[in-house]
Amino acid sequence: MNRRTFLKAASVSGLAAGSPAAAVFGYGPPQVLHKQAGGNGSGQRHQRSEESPEQILLKDYRPKSIYKIPVTEVAKARFPIIDMHSHPYPKTPEQIAEWVGNMDEVGVQRTVILTAAVGREFDAIYRQYARYPERFALWCGFDFAGYDRPGFGAAAIRELERCYQTGARGVGELHDKGQGMASGKSKSRGLHPNDSRMDSLFEKCGELGLPVSIHVADPIWMYQKMDRTNDGLMNAYHWRLDNQPNIVGLNGMVEILERTVKKHPQTTFIACHFANLDYDLSRLGELFDRNPNLYADISARYAETAPIPRFASQFYAKHSDRLVYGTDMGFDKPMYRVTFRILETMDEHFYETEQFDYHWSLNGFGLPDAILQRVYHGNAAKILGSHPVKPR
């Protein structure tokens, strides 16, 4: 099970059985879905969905390309990779060893693990991966305890310094989807990155040379109406933000991100997922132009950019010095290879519904070697302070 499938299953379990939206879009519990499809059980429902077009649910739509065109298998990345966005998915030494083996096969030299953790949790995760110091870089989080009380900051800085002494080499993944910052289990409400209470923490990151991975907002479809005009509905509905009260929207969160980056020019910031401007890459380019300390990772937004291959490849060409490779989708080999196919090949009109849950067909960017080298490795090596290695 890939990461999106797992998270989606978890989110579905929280929907009310009687939710009208759940019934309409086919995301409710099994008993609701069976009723909508006219069946008495999962087998009958599935059979009717395939036989009767008017009964096919949006979530079950799985088109297959009819075009007789080249299909390129990319077993190993063209150049060594530093994956700047992953998480501590494995929980046992055996699973971590499997991950290292997968990295060897697909060409991932090193992986940044964004734990977002502090205290004993960070220490425990760090110990799990200590056997492979050259393969994994562990990043810690922030402790937001007491954020709403006078004097916040001093204790959080002490914990940040302690994590740094333990071995943390960055901070992240910090989140703010419009209601306040979160770092793993440590959360706040109404505390945004540009708040003055955050200044000392971000300044300390710059002083220690700790890059900050920060996730602001979510894809644009999550804020739009959940109706037939929503282009990303099958994912948007699960992560919807259009019905959340007192939330800062995508535009507002991007503005907050830029104000934060400008306030702390000595600190390197990496905006996760193209800063969720995958639908407006020109605006992200403008952010890059104004803020030399801002980078963006491309993780978990392959399906969102592969439908626009010409424009996306032009964006990569113009801003390849500010983009870093990332996954954020588990650690199995097929997942990595899908990303290589999109970045390296000129394949057209293919679907990857096991990894991405949109209805869009995907296309390869066919990025030149010089761009791939920067995105795969060079920019990340610069951020991490390591020396680039020669491509194989």
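Predicted model: local features only at pLDDT ≥ 70, side-chain atom pairs only at ≥ 80, totals over all residues.
Visitor: Is strand 4 mostly covered or mostly exposed, and how many of its residues are buried?

Guide: Strand 4, which runs over residues 171-176, is mostly covered, with five of its six residues buried.

Visitor: In which sense does strand 4 pair with strand 7, and in which sense with strand 5?

Guide: With strand 7 the pairing is parallel and runs over four bridges, and Leu 174 stands opposite Ile 214 of strand 7 there. With strand 5 (residues 181-183) the pairing is antiparallel, over two bridges, and Asp 176 has Met 181 of strand 5 as its bridge partner.

Visitor: What about the hairpin of strand 4 and strand 5, which residue there takes a positive phi?

Guide: That residue is Gly 178, with a phi near 115°, in a hairpin that has four residues between its two strands.

Visitor: Going back to strand 7, how does it pair with strand 8?

Guide: Strand 7 (residues 212-216) and strand 8 (residues 269-271) run parallel and are joined over three bridges, and Phe 269 in strand 8 is the bridge partner of Val 212.

Visitor: Where is His 192 found, and is it buried or exposed?

Guide: His 192 is found in the loop that lies between strand 6 and helix 8 (199-208). Its relative accessibility is 14%, and because buried means under 20%, His 192 counts as buried.

Visitor: Which residues does His 192 touch?

Guide: Leaving aside residues up to four places away in sequence, His 192 touches Asp 176, Gly 178, Gln 179, Gly 180, Met 181, Met 198, Val 248, Met 253 and Ile 256. Among these are Asp 176 and Met 181, the bridge partners that link strand 4 with strand 5, and also Gly 178, the residue with positive phi in their hairpin.

Visitor: Switching topic: what's the order in the open sheet of three strands?

Guide: That open sheet has the order 1-2-3 with parallel pairing. Strand 1 (81-86) and strand 3 (136-139) are its edge strands, each pairing on one side only, and the twist from one strand to the next averages 15°.

Visitor: How many bridges hold strand 1 and strand 2 as a pair?

Guide: Strand 1 and strand 2 (residues 108-114) pair in the parallel sense over four bridges, and Ser 86 stands opposite Ile 113 in strand 2.

Visitor: Which strands does helix 5 touch when it packs on the sheet?

Guide: Helix 5 touches strand 1, strand 2 and strand 3, and its direction makes about 135° with that of strand 2. Helix 6 (residues 119-129) also packs on the sheet, touching strand 2 and strand 3, and its direction makes about 180° with that of strand 3.

Visitor: At what angle do helix 5 and helix 14 pack?

Guide: Helix 5 (residues 93-106) and helix 14 (residues 333-344) pack at an angle of about 30°, with their axes 10 Å apart, and they are therefore roughly parallel to each other. The crossing is right-handed. On helix 5 the contact is made by Trp 99, Asn 102, Met 103, Glu 105 and Val 106, and on helix 14 by Lys 333, Tyr 336, Arg 337 and Phe 340. By class, the contact has five nonpolar, one polar and three charged residues.

Visitor: And how do the axes of helix 6 and helix 7 cross?

Guide: The axes of helix 6 and helix 7 (residues 154-166) cross at roughly 15° and come within 11 Å, so these two helices are roughly parallel to each other. Helix 6 passes helix 7 in a right-handed crossing, where Gly 119, Phe 122, Asp 123 and Tyr 126 of helix 6 meet Glu 159, Arg 162, Cys 163 and Thr 166 of helix 7. By class, that contact has three nonpolar, two polar and three charged residues.

Technical notes:
Residues numbered from 1 in each chain as written. Heavy atoms only, no water. Pairing = 2+ DSSP bridges. Buried < 20%, exposed > 50% of the residue type's maximum accessible area, 1.4 Å probe, protein only. Axes fitted to C-alpha atoms, helices over the stretch in contact; angles between N-to-C directions. Parallel < 35°, antiparallel > 145°, perpendicular 65-115°, else oblique. Left-handed = near helix turned anticlockwise from the far one by under 90°. Contact = heavy atoms within 4.5 Å. Nonpolar A, V, L, I, M, F, W, Y, C, P; charged D, E, K, R; others polar.
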